[in-house]
Structures are given as structure tokens and as C-alpha cells.
Amino acid sequence: MLSEHARTHVWAYLGALVLMALSGGATALSVALLQPIVNRMMDFGGTGAFKQLRFLAFAVAALYMLRGLATCGQLIIMSRTGNRIIATMQARLFNHVLGQPVGFFSDRHSSELMARLALAANGVRDVLQLLITSAGRDVVTALGLLAVMIHTDALMALMVITCMPIGALLLGRVIRRIRKAARRSFDGSTKIMQIMQETVHGIRIIKSFNLQDTMRARMAGSVREVEKSANRMAVGVAMSSPVSETLGGLVVALIILYGGWRVSVAHADPGSFFAFIVALISAYEPVKRLGKLNLDLQNGLVSARMIYDLLDEPLPVTENAGGPKLVPTVGRITLQGVSFGYRPETPVLDGLDLVAEPDQTTALVGPSGGGKSTIISLIQRFYDPQGGSISIDGTDIAGVDVASLRNVIAFVSQDVFLFQGTIRENIALGRVGASDEAIVAAARQAHAHDFIMALPSGYDTAVGEHGSKLSGGQRQRLAIARAFLKEASIILLDEPTAALDAESEREVQKALEALRVGRTTIVVAHRLQTIMDADRICVIENGRAAESGTHEELLRARGSYHTFFSTQFGERKRRIA
Ligand SMILES: Nc1ncnc2c1ncn2[C@@H]1O[C@H](COP(=O)(O)OP(=O)(O)OP(=O)(O)O)[C@@H](O)[C@H]1O
């Protein structure tokens with residue numbers, strides 16, 4: 001962290017350090033001036049002494065002004081640099097997360113990533129700020145004041161110095177306690193975000209299953225955990241006060257006894273004693289802060305560690321960015337002996353062979369959990385197969401630039417994802433820089449134009465979070481319009497299982513029929529109509545393509561498809577027959 005940020009902002013930090021040193025030096029000097037000031041006063045030297053005093057008084061005023069200006073400059077530099085660091089860290093973390101493979105996201109809750117992005121970046125700033133401020137302001141001030149003490153009375157200064165390690169030792173124990181509490185507090189905050197997020201997204205389920213009390217109890221538990229951790233941290237920080245105050249008081253008392261004796265009995269000059277005691281009292285705050293530095297650092301360090309944990313996770317090297325580009329000719333997809341499992345001990349696909357011909361629709365059917373959606377993910381290289389190969393027009397997709405592969409594929413997922421924004425913006429995501437005419441044409445092809453025009457603001461209607469203001473069928477058609485706009489030669493379609501009403505389904509089917517023309521389409525099919533419309537059907541069972549052929553061929557064969565079809569659509573099939 002230091003090497004990265006301190007190096008980038010070296011000039012800003014150096015500037016801040018110089019200003020801090022100036023302010024620390026001004027403090028020490030103004031205290032040192034007390035010695036001649038008090039001695040001039042005690043001299044009773046008439047106008048000559050008063051003239052000197054006047055000069056000294058203005059010198060003190062000038063030093064205070066200098067300290068004020070230096071502090072102002074230093075605060076501005078430190079805040080700006082701190083804000084820069086937060087912005088850089090957030091952008092860097094986001095980039096890193098974006099570059100992670102799809103599996104990374106399955107293993108994490110989104111709120112955990114959000115907490116890291118929102119809270120943890122501050123930790124990096126705080127740690128650096130604390131280190132620099134302590135090194136600059138407090139160390140310089142304390143050293144300057146110590147120099148004043150040594151200059152005025154070396155023996156008394158030695159007495160003060162010997163007390164410091166005792167304080168540091170006593171504070172050490174508190175630190176461990178604070179570190180643990182900071183970690184718990186961070187985890188608790190993440191949990192609070194998670195519960196809030198799930199409540200917003202799952203509000204219908206929560207209400208319909210009367211889960212309000214369950215959610216309330218969950219939130220209360222997490223809120224309580226954060227409160228407890230915050231209290232533990234507060235107690236830790238507070239416990240440092242009696243330790244340092246008592247020790248500080250003892251030192252001041254010792255100095256008063258010894259210094260008082262020196263002035264009153266041994267006739268030492270009172271100015272030195274006065275300057276010493278003010279230097280000691282002024283040094284108290286910076287030294288106390290330095291003693292607590294490790295303690296204050298803990299909270300920031302826990303957060304900073306959260307960011308670096310994530311940033312240190314290596315990015316996959318499988319994206320082949322800058323590698324050879326995929327240039328499909330006809331768009332034939334071939335899967336040869338593909339084996340894959342999300343976890344090595346549970347294989348999902350086991351030597352699967354499959355060919356999706358260009359200008360045809362290949363429907364994947366089979367039992368739930370059989371691996372149909374997994375095939376769609378593998379073709380887009382969301383994951384890499386552990387065995388076998390996937391090629392498009394004879395080119396193995398493992399060797400090509402992933403972006404070029406995804407450029408030729410339009411994916412319409414089972415749960416259509418719409419981004420915050422308008423309908424126009426959502427369709428436009430299909431092709432960056434698409435013209436308005438192209439967007440409207442895509443919407444027409446997707447049978448979405450009419451319903452869009454019937455909305456109050458047409459293409460400028462906001463879709464709501466995740467498209468919550470639109471119906472399922474409308475969302476589907478927007479996703480299809482997006483796919484049209486992409487002009488990809490391969491369509492991968494994960495059909496939603498939830499039945500749309502007959503009217504919506506007809507509209508979606510019409511849109512899909514249009515989309516499929518002249519393209520290679522692989523569809524995870526759940527609807528009877530989609531299956532019957534397909535040119536080829538592939539039954540995915542036990543990690544393999546158990547059977548493939550046309551609907552009639554497969555029914556005649558009376559194999560797995562026949563069984564699957566009879567159990568899934570038996571009732572309707574009889575009706576159709
Ligand atoms: N991200 C994941 N991590 C671990 N296992 C997963 C993951 N996604 C899917 N699986 C598992 O892989 C298997 C195949 O899942 P897949 O979604 O491909 O099935 P499917 O045939 O599409 O099912 P359905 O018809 O119900 O949509 C399932 O057993 C599932 O539990």
C-alpha cells in the first residue's frame with residue numbers, strides 16, 4: 001500500500017510533510033521563546049527589556065500565524081490526496097472485479113463486494129493519512145519540543161524520556177482487542193447491506209410468506225453485532241486514556257517537584273523551568289497520539305486488508321486479450337468430448353458431443369440440473385471445460401480472444417437483466433454507439449415497438465430496478481431487441497421456465513422466430529412450442545447428449561426423448577394428437 005500510493009503521491013506527501021514540519025517547528029520555537037520572555041519579565045529591566053519583550057511578543061504571534069497557514073495548506077493537500085486515493089482504489093477494485101471469471105461471482109454475495117468498494121477504500125486513505133500525519137506533524141513537533149526540553153534542562157528531559165516506553169507497553173494490550181472488534185464490525189456491516197439488498201429484491205416473497213419477523217430478527221442480530229463491536233472498539237480506545245493521563249500526570253508532578261526545587265532552592269533561572277514545563281505539556285498531545293498510532297491504525301488496516309485481499313486474487317489469464325480473433329464463417333458450433341464440473345468431485349458434463357448447425361435451431365432438453373445451461377456458459381467461455389474442446393467453424397474457442405468470441409454471440413438469458421435507465425439505453429447495450437433508427441428497427445424486429453410506444457414516455461420510459469416496471473414478456477422482448485441490435489451470428493437462448501401468458505408467449509415466440517433466421521441458435525428449451533419448432537433436438541442426460549434428431553425421429557425412436565416428452569408434456573401431447 002505504501003509503495004503504491006506513497007510513491008504515486010510522493011510530491012503531495014512531501015509538500016504536506018514540509019508544512020507539518022513548519023507547523024511543528026513553529027510550535028517548538030514559540031515554546032522556546034518563553035524562556036527569554038519569562039527571564040526578561042523577571043529582570044525588571046525597564047524600557048530596554050520591554051522593547052525586547054515587544055519584539056518577542058510579535059515573534060510569537062508571527063509563529064502562530066505561520067502554524068495556522070501551514071496547517072491549512074497541509075490539511076488541503078492531505079484531503080485532496082486522500083480523496084484521490086479513494087477514487088483510485090474504487091476504480092481499481094471495480095476493474096479487478098469486472099475482470100474476474102463468472103465463477104468468482106457465484107462464490108460471493110454482492111453486498112460483500114459492495115462493502116469492500118464502499119467502506120474499505122476509506123481504510124487505505126485513513127492508514128496513509130495517519131502514518132503521514134504522525135510522521136510529519138507529531139514526530140516533528142515532539143522532537144522539536146524534546147530538543148527544547150534537552151536544551152533547557154537535560155536531566156529533566158532524561159526523566160521524561162524514560163517514562164515513554166512504559167506507556168507504549170501498556171497500550172500494546174489494547175491493540176489486539178481493537179483489531180478483532182474492527183474485523184467483526186466490518187463483517188457485520190456487510191451483513192446489514194446483504195439483508196437490506198435481499199429485502200429490496202425479495203420484498204414480494206417476504207410479504208407473501210409473511211417473513212417480516214424473520215427479516216427483522218436477522219437485521220436486529222446484525223445491527224446488534226455491529227453495535228457490540230463498535231462498543232468494544234470504543235472501550236479499547238477509551239482504556240488508553242486513563243493509562244496515558246495517569247502516566248502524564250505523574251511525569252508533570254515529578255518535573256514540578258524537581259524543577260520547583262531547582263528554582264526556589266538552587267536558584268536556577270525561572271524562564272528555563274517555565275519553558276520546560278510548557279514544552280512538556282505541549283509535547284503531551286503529539287506523544288499521546290503517537291502512542292495510540294498503532295491503535296488508531298487497526299480499524300483502517302482491517303479495511304485496507306479487505307481491499308488488498310481481493311486485489312491480490314490473481315486475474316485469470318484465460319481471456320487471451322490481444323490473441324487471435326475469432327472470425328466465424330458459417331457459425332457451426334462443435335462440442336467434442338466436453339467434460340466439465342463446477343467442482344472436480346461432481347462432474348456435470350461427461351464427454352459430451354454436440355453439433356449445432358448454422359441456420360438451424362438446436363434445442364437442448366432433458367431433466368432439470370442435467371447441464372443444459374452449463375453448455376450455454378461453456379460456449380461463451382464463462383468457464384473452461386476440463387476435457388474435450390469447443391470450436392466454432394473449426395477454431396477452438398480456447399485459443400481465441402474472448403472478447404472476439406463474445407462479439408459473435410447474442411445471449412438471451414433465462415432471467416432477463418435490465419440495467420437502471422430507459423428502454424432506449426437498455427436496447428442500445430446490444431451495440432455500443434447504435435443509432436436511434438437502429439434501436440427502433442431492432443425493437444420492431446423483436447415485436448417490442450408497439451408496446452414501447454404505448455408507454456407514457458415511449459423509448460425514454462425508465463425500466464425501474466432490474467426492469468421491475470415491465471412485464472416478464474416485455475422484458476424478454478427488450479432482451480431480444482438487444483440481441484437483434486448486436487447482429488451476432490450465434491444466438492444462445494436460455495428459455496425462461498416461468499410460463500408467460502398466452503399472448504406474451506406468442507409475441508416472444510414471434511420475436512424469437514425472426515431472430516433465429518440465418519443464425520446458429522442453441523436454445524435451452526422448456527416450452528413445448530420451442531421444442532417442436534427446433535430443427536434438431538438434443539437430449540442432455542447424465543452429462544452426455546443421450547439422443548439427437550428431429551422431434552418426429554426422436555419420438556419414433558421411443559428412447560429417452562420419448563420418455564422425457566411423455567412425462568413433461570404427456571397431457572398436452574395427447575391433446576395435440
Ligand atoms: N455456479 C455453479 N456452481 C456450482 N454448481 C453449479 C453452478 N451452476 C450450476 N451448478 C450445478 O450444475 C448442474 C447443472 O446445472 P445447469 O444449470 O446447467 O442445469 P440445467 O440442465 O440447465 O437445469 P434446468 O433445466 O433446471 O435449468 C446442477 O446440478 C447445478 O446444481
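Predicted model: local features only at pLDDT ≥ 70, side-chain atom pairs only at ≥ 80, totals over all residues.

Reader: How is the chain divided?
Author: It is divided into domain 1 (2–311) and domain 2 (333–576), with bounds that come from an automatic or database domain assignment. Their centres, taken over C-alpha atoms, are 57 Å apart.

Reader: Which residues surround the ligand?
Author: Among them are Ser106, Tyr342, Lys372 and Val524; a residue is near a molecule if its C-beta atom, placed from the backbone, lies within 6 Å of it.

Reader: Which helix gives the most to that shell?
Author: Helix 12 (residues 372–379) does, with 3 residues. Helices (H or I, at least four residues) and strands (E, at least two) are DSSP runs, numbered from the N terminus.

Reader: Turning to the loops, where is Asp393?
Author: Asp393 is in the loop between strand 4 (387–392) and strand 5 (395–396). Its phi is near 50 degrees, a positive value in a residue other than glycine.

Reader: Why does Asp393 count as partly exposed?
Author: Because Asp393 has 17 C-beta neighbours inside 10 Å. A residue is buried if 20 or more other C-beta atoms lie within 10 Å of its own, exposed if 12 or fewer, and partly exposed in between, with C-beta atoms placed from the backbone.

Reader: And where is Glu487?
Author: Glu487 is in the loop between helix 17 (472–486) and strand 7 (490–494), and its phi is near 55 degrees.

Key:
Residues numbered from 1 in each chain as written.
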